[in-house]
Amino acid sequence: KHLCVKCPWHDYYIDLGTGENWRQALEQDDAGRLVPSGWRSSGRPKQRVHEVEETDGVVWIRLRLDGSCESDWFANRED
């Protein structure tokens with residue numbers, strides 16, 4: 001199992017440990033109906049993952065900004 005948050009727009013889950021997205025895959029059965037075929041991962045980070053620590057009621061976040069990530073394009077849009 002993975003600790004995730006759900007994207008309300010895309011209806012997939014973002015793994016809080018890896019940044020990968022998880023979705024319920026579908027396939028056609030013998031009758032041609034779409035049926036769930038298990039969970040699938042993007043296999044690579046879609047969102048950045050940051051280090052979070054809580055100490056005496058204070059939350060500390062260490063941003064990880066190295067490299068690039070698919071979500072960077074959306075974060076840097078100017079529209």
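View 1. Valine 52 lies in strand 5, the run of residues 51-55, in what is a predicted model. Valine 52 counts as exposed because its relative accessibility is 56%, and exposed means over 50%. Together with Val59, Ile61, Leu63 and Leu65, Val52 makes a nonpolar surface patch of about 520 Å².

**View 2. The salt bridge between glutamate 51 and arginine 62.** In this view the side chain of glutamate 51 meets that of arginine 62 in a salt bridge, with an N to O distance of 3.3 Å. Glutamate 51 is partly exposed, its relative accessible area being 31%, whereas arginine 62, at 55% relative accessibility, counts as exposed.

View 3. Four strands, in the order 1-2-3-4, form an open sheet in which the pairing is antiparallel. Strand 1 (4-6) and strand 4 are the edge strands, each of which pairs on one side only. On average, and with direction ignored, neighbouring strands of this sheet are turned by 35 degrees against each other. As background to this view, strands of a sheet pair through backbone hydrogen bonds, in either a parallel or an antiparallel way.

View 4. Strand 3, which covers residues 20-28, pairs with strand 4, which covers residues 34-45, in the antiparallel sense and over seven bridges. Within this pairing, tryptophan 22 has serine 41 in strand 4 as its bridge partner, and glutamine 28 stands opposite leucine 34, which is also a residue of strand 4. Five residues lie between the two strands of the hairpin, and glycine 32 in this hairpin takes a positive phi near 85 degrees.

**View 5. The salt bridge between arginine 33 and aspartate 29.** Arginine 33 and aspartate 29 form a salt bridge in which the closest N and O atoms are 3.0 Å apart. Arginine 33 counts as exposed, at 55% relative accessibility, while aspartate 29, at 23%, counts as partly exposed. In general terms, side chains of opposite charge can pair when their charged atoms come close.

View 6. The side chains of arginine 77 and aspartate 79 meet in a salt bridge with an N to O distance of 2.4 Å. Aspartate 79 counts as exposed, with 76% relative accessibility, and arginine 77 is partly exposed, with a relative accessible area of 38%. Over the whole structure, a search finds seven salt bridges.

**View 7. Leucine 3 in the segment before strand 1.** Leucine 3 has its place in the segment that comes before strand 1, and this residue is exposed, with a relative accessible area of 64%. When neighbours within four places in sequence are left aside, the residues in contact with leucine 3 are Ile14, Asp15, Leu16 and Gly17. The C-alpha atom of leucine 3 is separated by 35 Å from that of alanine 31, a residue 28 residues apart from leucine 3 along the chain.

**View 8. Valine 5 in strand 1.** Valine 5 is found in strand 1 and is partly exposed, with a relative accessible area of 43%. Leaving aside neighbours within four places in sequence, valine 5 is in contact with Tyr12, Tyr13, Ile14 and Leu16. Although valine 5 and aspartate 15 are 10 residues apart along the chain, a separation of 6.9 Å is found between their C-alpha atoms.

**View 9. Aspartate 72 in helix 1.** Aspartate 72 has its place in helix 1, which covers residues 72-75. This aspartate counts as buried because its relative accessibility is 18%, and buried means under 20%. Not counting residues up to four places away in sequence, aspartate 72 touches Arg48 and Gly67.

How values were computed: Residues numbered from 1 in each chain as written. Predicted model: local features only at pLDDT ≥ 70, side-chain atom pairs only at ≥ 80, totals over all residues. Heavy atoms only, no water. Patch = residues over 30% accessible without salt bridge, like charges linked within 9 Å, V, L, I, M, F, W, Y side chains within 5 Å. Areas by Shrake-Rupley, 256 points an atom, 1.4 Å probe, with all protein chains shown as cover. Salt bridge = Lys/Arg side-chain N within 4 Å of Asp/Glu carboxyl O. Buried < 20%, exposed > 50% of the residue type's maximum accessible area, 1.4 Å probe, protein only. Pairing = 2+ DSSP bridges. Axes fitted to C-alpha atoms, helices over the stretch in contact; angles between N-to-C directions. Contact = heavy atoms within 4.5 Å.
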